2 protein chains.
Amino acid sequence: MPENTNHSDEFTPRQQAVLESALGLLVAGGEKALTTAGVARAASCSKESLYKWFGDREGLLAAMISYQASKVRTFTDDGAAMDAQRYRAYLLAFAKDLLNVLAGDVSLALNRLAIGQASQEGNSLAQLLIERGRKRIDQRAGALLEAGKRRGLIHYDDRDDTYHVLYGLIVRDLHVRMLLGDAGARQPEQFEELAEAAVAKFFALYAAREEERVAGV
Amino acid sequence: MPENTNHSDEFTPRQQAVLESALGLLVAGGEKALTTAGVARAASCSKESLYKWFGDREGLLAAMISYQASKVRTFTDDGAAMDAQRYRAYLLAFAKDLLNVLAGDVSLALNRLAIGQASQEGNSLAQLLIERGRKRIDQRAGALLEAGKRRGLIHYDDRDDTYHVLYGLIVRDLHVRMLLGDAGARQPEQFEELAEAAVAKFFALYAAREEERVAGV
DNA sequence: TCAGAACCGTACCGTACGGTACTGTAAAGA
DNA sequence: TCTTTACAGTACCGTACGGTACGGTTCTGA
């Protein structure tokens with residue numbers, strides 16, 4: 001058994017290399033450029049092997065999504081003490097990470113791919129993207145929010161609703177605009193500033209008031 | 001000259017009927033289903049006419065976007081007196097309209113189309129969608145914000161930034177999830193509630209404090 | 001050393017689609 | 001009535017792509 005990277009062992013190293021090639025093609029030229037012959041040429045493998053490994057073109061696309069999805073770290077509450085200052089830093093890091101993930105070449109390409117297919121019947125690709133990609137981020141954020149509530153730093157009733165507000169404050173309309181290729185939306189040098197503004201507003205809305213923080217309510 | 005509807009007179013009635021057919025096909029089956037032969041059949045016109053009117057397939061797609069874009073009403077400040085109550089209602093209406101527009105069949109289909117094309121070179125379609133569709137909404141919101149500031153109801157420094165915060169509070173991640181076909185995101189019966197929550201938070205962040213409102217600063 | 005598996009490269013097939021050309025026809029205008 | 005324009009309908013062409021088949025090569029294990 002070959003050494004395992006942090007990627008899932010769902011694919012052999014050779015297959016992973018092929019998937020990496022395919023992702024490169026997708027990023028470079030969009031779905032139109034992702035032909036089976038093109039992938040085979042770029043990855044120096046035969047079309048026959050592609051069909052053997054992934055079934056058909058759809059299977060290849062699904063494999064690309066599954067493969068890529070294994071690159072998001074997740075936050076787990078270690079129970080350590082945390083003051084408001086430190087918690088704010090965590091939220092800030094989450095916000096910056098989120099913006100950077102969404103602005104990534106591969107993320108944008110895969111989201112474009114899935115969205116392009118979402119209209120026709122059996123939008124399994126989009127479903128897969130939501131399941132494998134989106135939900136991990138949701139989990140990390142959820143854990144972060146709960147950690148803050150547990151320590152009395154923030155206050156909320158509905159965790160998911162609160163998360164969506166945080167998401168909206170951070171991402172605004174940037175994701176869709178990036179997906180549309182609007183260059184004005186994709187400026188990573190502004191992400192720091194955007195993240196800080198978002199976190200500040202989030203605290204303005206959800207920071208526990210003094211008496212709550214003391215009482216732990 | 002035929003009677004002018006509120007649509008642009010960029011296209012003849014016959015052409016508008018064809019574009020309507022094409023939009024129907026796009027909504028029903030996504031881009032894959034939008035073949036020139038299919039449009040011709042659905043609209044009972046010849047392919048030759050299609051190419052005469054719109055140049056090529058790309059031109060047809062652009063025409064569909066241009067044609068569809070002319071269905072957003074815009075807010076203009078009539079200078080009338082407006083109290084906080086009334087202003088809040090305006091914002092609420094904007095929020096609900098925004099959610100309903102974004103959740104519309106045709107809007108989703110066109111955004112999917114443009115995003116699907118955004119990766120390959122010359123993403124003119126996406127650019128067109130931003131220019132013709134997005135910017136109108138931006139204008140309406142901008143006017144709304146300025147009206148509120150002029151009357152001392154809200155306070156902000158950067159209008160566009162403030163608008164983007166409002167947008168994020170309203171839309172959250174719903175647009176992308178709707179584009180991905182996530183049924184959980186597309187529930188118009190919840191839009192009222194979402195709009196109210198967003199407007200409430202917006203006021204929490206931007207409502208002018210009493211002394212400002214009086215001083216008009 | 002031999003058998004078999006895995007796999008690359010390429011040739012091949014069928015089909016679907018963008019785009020063009022041609023024919024027939026109905027309306028408009030002189 | 002003749003001519004021109006606009007258009008529907010259809011046939012046609014070239015190409016690109018998904019998917020399959022096959023020959024040749026390398027690697028593995030007995």
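Copies are superposed by least squares on the C-alpha atoms of residues with pLDDT of at least 70 in both. The model is predicted: local features need pLDDT of at least 70, side-chain atom pairs count only at pLDDT 80 or more, and totals for chains, interfaces and linings use all residues. Residues are numbered from 1 along each chain as its sequence is written, while chains are lettered from A and ligands numbered from 1 in the order in which they are written.

**View 1. The relation between chain A and chain B.** Chain B is superposed on chain A by a rotation of 180° with 0.0 Å of shift along its axis (RMSD 0.0 Å). This is the relation of a two-fold axis.

**View 2. The fold of chain A.** Chain A contains eleven helices and zero strands; helices (H or I, at least four residues) and strands (E, at least two) are DSSP runs, numbered from the N terminus. Its C-alpha atoms fill a box of roughly 70 × 45 × 35 Å, taken along the principal axes. Of its 217 residues, 35% count as buried. A residue is buried if 20 or more other C-beta atoms lie within 10 Å of its own, exposed if 12 or fewer, and partly exposed in between, with C-beta atoms placed from the backbone.

**View 3. The contact between chain A and chain B.** Chain A and chain B each bring 33 residues to the contact, two residues being in contact if their C-beta atoms, placed from the backbone, lie within 7 Å. On the side of chain B that touches chain A, helix 8 of chain B gives the largest share, six residues. By class, this side has 16 nonpolar, ten polar and seven charged residues. Ala, Val, Leu, Ile, Met, Phe, Trp, Tyr, Cys and Pro count as nonpolar, Asp, Glu, Lys and Arg as charged, and the others, Gly among them, as polar. Of the interface residues of chain B, 100% are also interface residues in chain A, so the copies meet through the same surface.

**View 4. The surroundings of DNA strand D.** DNA strand D is surrounded by 16 residues, the closest being T35(A), R57(A), C45(B), S46(B) and S49(B); a residue is near a strand if its C-beta atom, placed from the backbone, lies within 6 Å of it. Two or more residues come from each of helix 2 (36–43) and helix 3 (47–54) of chain A and helix 3 (47–54) of chain B.

**View 5. Two loop residues of chain A with positive phi.** S44(A), not a glycine, has a positive phi of about 55° and lies in the loop between helix 2 and helix 3 of chain A. With 9 C-beta neighbours inside 10 Å, S44(A) counts as exposed. R172(A), also not a glycine, has a positive phi of about 55°. With 25 C-beta neighbours inside 10 Å, R172(A) counts as buried.
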